[in-house]
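Try each task before reading its solution.

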Amino acid sequence: MTFAVLLVCTGNLCRSVAAEQMLTAVLRGHPVELMSAGTHAQNGASAHPLTVQAVADSGSAPFTHAAQRLVPEAVAVADLVLTATRDHRLAVVEADPTAARRTFTVLEFARLVRADGDGRGTLAELRDSAAASRAGAPATAADDLADPVQGSYADHVRMVQTLAPAVAVIADAFAHVSPRLQQTSL
């Protein structure tokens, strides 16, 4: 049985794509299905070339990507939704109000699972624990990932560098709740 994780940003060209690719690199072959979408994506659009380069330069394999627009059905099947910003989180919850407790910004989720400690249990229990912890530590602007889409290569690199520690924390937290993930080296 797989645990479905949906990553969401605006155009599904930069932030959600980078997070999806970086998580794929560390969770490959394990019971996690990663997918991404954008709140205003044009279906089929390619990932931003500077994002592709920044992700490759960070050590992940080169990739191709076709953007997908966020649809309520994608939210409904996701066990966990990780967004680039609090505004994206709101858009996800507006698309599917039942997703409120399983939707976080990616930086917020990393902060909450890091604070949670050992995270033992199932992936669903890890998610639920993060949701319970959120009541005492709501998301702030610091949990929003800046959009590099109109920026320079340095802006795309900065976005990837901001994501990298969050991806490492999330991969580590997943490893503590999945025996197969414990074999993954970061």
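## Exercise 1: two helices crossing

Helix α1 crosses α7 in a right-handed sense (right-handed means that the near helix is turned clockwise from the far one by less than a right angle, left-handed anticlockwise). Helices here are DSSP runs of H or I with at least four residues, and strands are runs of E with at least two, numbered from the N terminus. This is a predicted model, in which local features need pLDDT of at least 70, side-chain atom pairs count only at pLDDT 80 or more, and totals for chains, interfaces and linings use all residues. Residues are numbered from 1 along each chain as its sequence is written, and side-chain values use heavy atoms, with hydrogens and water left out.

**Task.** Work out how α1 and α7 are oriented to each other.

**Solution.** 
- Step 1: α1 (residues 15-27) packs on α7 at about 40°, and the axes are 10 Å apart. Axes are lines fitted to C-alpha atoms, for helices over the stretch in contact, with angles from 0 to 180 degrees between N-to-C directions.
- Step 2: Angles under 35 degrees count as roughly parallel, over 145 as roughly antiparallel, 65 to 115 as roughly perpendicular and the rest as oblique.
- Step 3: The pair α1 and α7 is therefore oblique.

## Exercise 2: a second partner

**Task.** Find how α2 and α7 are oriented to each other.

**Solution.** 
- Step 1: Helix α2 (residues 49-57) meets α7 at about 50°, with axes 9 Å apart.
- Step 2: α2 and α7 are therefore oblique.
- Step 3: Their crossing is right-handed.

## Exercise 3: the length of α7

**Task.** Check the span of α7 against its number of residues.

**Solution.** 
- Step 1: The expected span is 1.5 Å times one less than the number of residues.
- Step 2: With 25 residues (153-177), α7 should span 36 Å, and its end C-alpha atoms are 36 Å apart, which agrees.
- Step 3: α7 also bends by about 25° at Ala164, with Pro165 following within four residues; the bend is the angle between axes fitted to the seven residues ending there and the seven starting there.
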